Amino acid sequence: MKYFVFFLLFSVSVFAQTAYPKDYFSPPLDIPMELSGNFGELRPNHFHAGFDFKTLQREGLAVHAVADGYVSRIKISTFGNGKAIYITHPNGYTSVYCHLQKTTDAIDDYIQKAHYKEQSFEIELFLKLNELMVKKGQTIALTGNTGSSEGPHLHFEFRDSKTEKIINPLLFGFDKYIKDTKKPTVSAVYVYPLDDKTSVNKSKRPLLLSLSLQKDGTYLSNKVLANGKIGFGITAVDYDNVSGNRNGAYKIQSYLNGKPNFGYQFDTYSFDEMRYVNALVDYSKYKKTYQRVQKLFMSNPYKLSIIKTDDSNGIVTVVPNLTSVYRIEVSDFFGNINTISIPIGFDSSAPIVEKEAMVSNYFVKVNKDNSFAKDNVSVFFPAGTFYEDFDMNFDVRNSVLYLHDDSVPVHSRFEIAMESDKFTDVQKEKVFIADVDSKGRVGYNFTSVKGNVYSANVRSLGKYTLAIDTTAPTISIANSIEGKWISTQKNLQFSIYDSGSGIKSYNGYLNGNWILFEYDNKTRKLTHNFSDGIVAEGANDLKVVLMDNVGNSTIFETHFFRSQK
């Protein structure tokens, strides 16, 4: 079944919704549904793709299929969603369950066989209809904390099975599990001068507006006096009645003199649009203060489908002899609304506060290819790498690239090339282009070499240099098992670490046979569970092989005894 979402913002001044089934899906957990993260919430480099359900601050709770269907995809990763399963339902939607501790029964057996067939912990499987059928309410997994999760919880999503677009679970009737009578909270409203000629309240820099609560529960800001193009930004969050967590606002809509000006509503969007969160927010302010100001204008339009705007792209042009009222409405899914009114007038007075000085030696045009080179280093930005034009600093000193700083967001990858003749042919295999953070720590970027030229595609501005890694990874075990009987142990566990390019692969062997080691990136632990049934009765020889991203390897070998009787 195929569904379309039609947005009718300017004909009826609201976003329309398609008729999603309200009573088809049941909750994935037995406990009350409490959110620690909601759909569309602003996250680093992405919008949140679903709901994060609290799990009583622990792992191991039963996870249930929300409707009949079949397991269509399984992905096991050390980062991201960790252990995740996807169930496709006959009504055209797919439910997704992430950060799982483990799956259960037939699903777990299927995954275990795949691990050993592919000889890898990290796997991605696409299943056919009828391979793994599930019933509504069936226990399919246990909640966990795997992948990039920062604490035990269940990340849950709905997707359109055909388009892969993610959809707000509240549209499927999940609103009945959450009580919310609270208005969204607005903590800050900013006004931005949008060109060099414009000043606002005698300032050429963004200004924080003062808000006063009115008798009717709305807010009124101090008057904005400007003389050109301006835009507004808002910091807003939402709370429900139970969880106490700070969630993202569902809908923000601005009006200029009563007419819709700029807005967005988190109903559905595609994964390709995720990174546009960096264009939606005042990214520079976020990097400096960790405050996410959501901009209600686009200086350079970008393709985020949830945004609906008039011809001005949310930009307000203040002209003489005309006063205006700018209104912002922030609302949640349950109809609770917070309103801010901002009076606007014209003022041609000379500014007192000038624009913040920006010392730069280059200017980047977002819609054109840009190339820069100095000494042994070159950088190529394809058109569309950034969201807006900007003044950029570019320099090379002592073979180190200083490429502006990370206060400017990058949308797509760009190429860095560095030439050096100081490495031997053997050393070249260990050399990579490294990003260097403020503490001098280096990060690995996949690097190719041709002759004496090293190149890498990266996705952030900052400091880069050539680094060489000749140090092998380390592996250790808390308590030695060498020559010991370990019949009561349930698993083998090792700590692994690499200080250079990072660990690329890990493989374990018992008596010459590959065995599954699960890797937890948060604790850097490798764990093999004896329940796999690979261990032999009596004597066992163990070998663990680690390899980093440039080919340095470490082999750990030992032997132990174990009885299964």
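Q: Which residues are buried in helix 2?

A: Buried means under 20% relative accessible area, exposed over 50%, and partly exposed in between, with a 1.4 Å probe and protein chains only. In helix 2, the buried residues are I107, I111, A114 and H115. They lie on the same side of helix 2, because they cover an arc of only 105 degrees around the axis (the arc is that of the directions from the helix axis to the C-beta atoms). This is a predicted model, in which local features need pLDDT of at least 70, side-chain atom pairs count only at pLDDT 80 or more, and totals for chains, interfaces and linings use all residues. Residues are numbered from 1 along each chain as its sequence is written, and side-chain values use heavy atoms, with hydrogens and water left out.

Q: What does the face turned away from the buried side of helix 2 carry?

A: That face of helix 2 carries exposed residues: D105, K113 and K117. Just after helix 2 comes Q119, with a positive phi of about 50 degrees.

Q: How many residues does helix 2 have, and what should they span?

A: Helices (H or I, at least four residues) and strands (E, at least two) are DSSP runs numbered from the N terminus. Helix 2 has 14 residues (105–118), which should span 20 Å at 1.5 Å a residue; its end C-alpha atoms are 20 Å apart, so the two agree. The expected span is 1.5 Å times one less than the number of residues.

Q: Which residues touch the most other members of the largest nonpolar core?

A: A nonpolar core is a set of buried Ala, Val, Leu, Ile, Met, Phe, Trp, Tyr and Cys residues joined through side-chain atoms within 4.5 Å. In the largest one, of 105 residues, they are Y97, I140, I230, F232, I234 and I328. Strand 20 (residues 229–238) gives the most to this core, four residues. A second, separate core has 27 residues, including L401 and V408.

Q: Where does strand 35 find its partners?

A: Two strands pair if DSSP finds at least two bridges between them. Strand 35 (residues 400–403) runs antiparallel to strand 34 (residues 394–397), with four bridges; one partner pair is V396 and L401. These two strands form a hairpin with two residues between them, and N398 in the turn has a positive phi of about 55 degrees. Three bridges join strand 35 to strand 41 (residues 462–468), also antiparallel; there, L403 has G462 as its bridge partner.
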